[in-house]
Amino acid sequence: MKAFSFSMQKILDLREFEKKNAQLELGKALAEETKIKNTLEMVARQRAETVSISNETHDINGLYTQNQYLKLLEVRKEELLTQLTQAQIVSEEKRKIMQEKMQKCKVLEDLKEKRRLAWKKEREKEEDNYIDEVVTTRYEVSED
């Protein structure tokens with residue numbers, strides 16, 4: 001009996017490859033987002049530490065230095081927030097691309113499954129016909 005073959009298997013394989021690449025790209029974009037968020041948290045901790053130290057400092061030069069450092073941290077925070085917004089936009093684009101790739105794969109997988117079921121049904125029908133022929137032949141031979 002002939003094995004099932006899907007005529008569009010190469011296309012399905014290509015679509016699955018594209019889907020995996022899209023998943024990898026999304027993973028990279030999400031990792032970049034996480035990296036930026038972690039850096040933002042670090043800046044927030046540094047700011048909190050500096051404020052805590054500033055409350056205990058009575059030296060004017062130390063207060064000035066800490067104030068300048070707080071301004072630097074604020075600038076860094078703004079830069080990171082801008083980067084985070086851009087990274088989130090990229091992640092959303094990558095997510096949409098991945099969803100499209102997944103949908104294209106799903107369509108072909110569903111088509112493949114429908115064709116496989118139709119092939120299986122046809123094979124069962126052929127097998128039933130063959131069995132009927134064998135039984136009919138045996139019955140005709142035994143009547144003679």
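This tour moves through a predicted model, from its nonpolar core to its salt bridges and then to a charged surface patch.

**The nonpolar core**

Begin by selecting I36, L40, V43, L73, L80, L84 and A87; these seven residues form the largest nonpolar core.

Next, display the side chains of E18 and K101, which meet in a salt bridge with an N to O distance of 3.6 Å. This pair connects distant parts of the chain: E18 belongs to helix α1 and K101 to helix α2, and 83 residues separate them.

Then select E25, K28 and K94, which a network of salt bridges links together.

Move to R95 and E92, where a salt bridge brings the closest N and O atoms to 3.1 Å. Because R95 and E92 are three residues apart in helix α2, about one helical turn separates them. The relative accessibility of R95 is 28%, so this residue counts as partly exposed. E92, at 36%, also counts as partly exposed.

Continue to R116 and E113. Their salt bridge has its closest N and O atoms 2.6 Å apart. Both residues lie in helix α2, with a spacing of three residues, or about one turn of the helix. R116 is partly exposed at 29% relative accessibility, and E113 is partly exposed at 34%.

For an overview, show every salt bridge in the model; the count comes to ten. In general, side chains of opposite charge can pair when their charged atoms come close.

Centre the view on E133, a residue of helix α2, which spans residues 60-143. E133 has a relative accessible area of 52%; it therefore counts as exposed, the cut-off being over 50%.

Terms used:
Residues are numbered from 1 along each chain as its sequence is written. This is a predicted model: local features need pLDDT of at least 70, side-chain atom pairs count only at pLDDT 80 or more; totals for chains, interfaces and linings use all residues. Side-chain values use heavy atoms; hydrogens and water are left out. Helices (H or I, at least four residues) and strands (E, at least two) are DSSP runs, numbered from the N terminus. Buried means under 20% relative accessible area, exposed over 50%, partly exposed in between (1.4 Å probe, protein chains only). A nonpolar core is a set of buried Ala, Val, Leu, Ile, Met, Phe, Trp, Tyr and Cys residues joined through side-chain atoms within 4.5 Å. A salt bridge is a side-chain nitrogen of Lys or Arg within 4 Å of a carboxyl oxygen of Asp or Glu.
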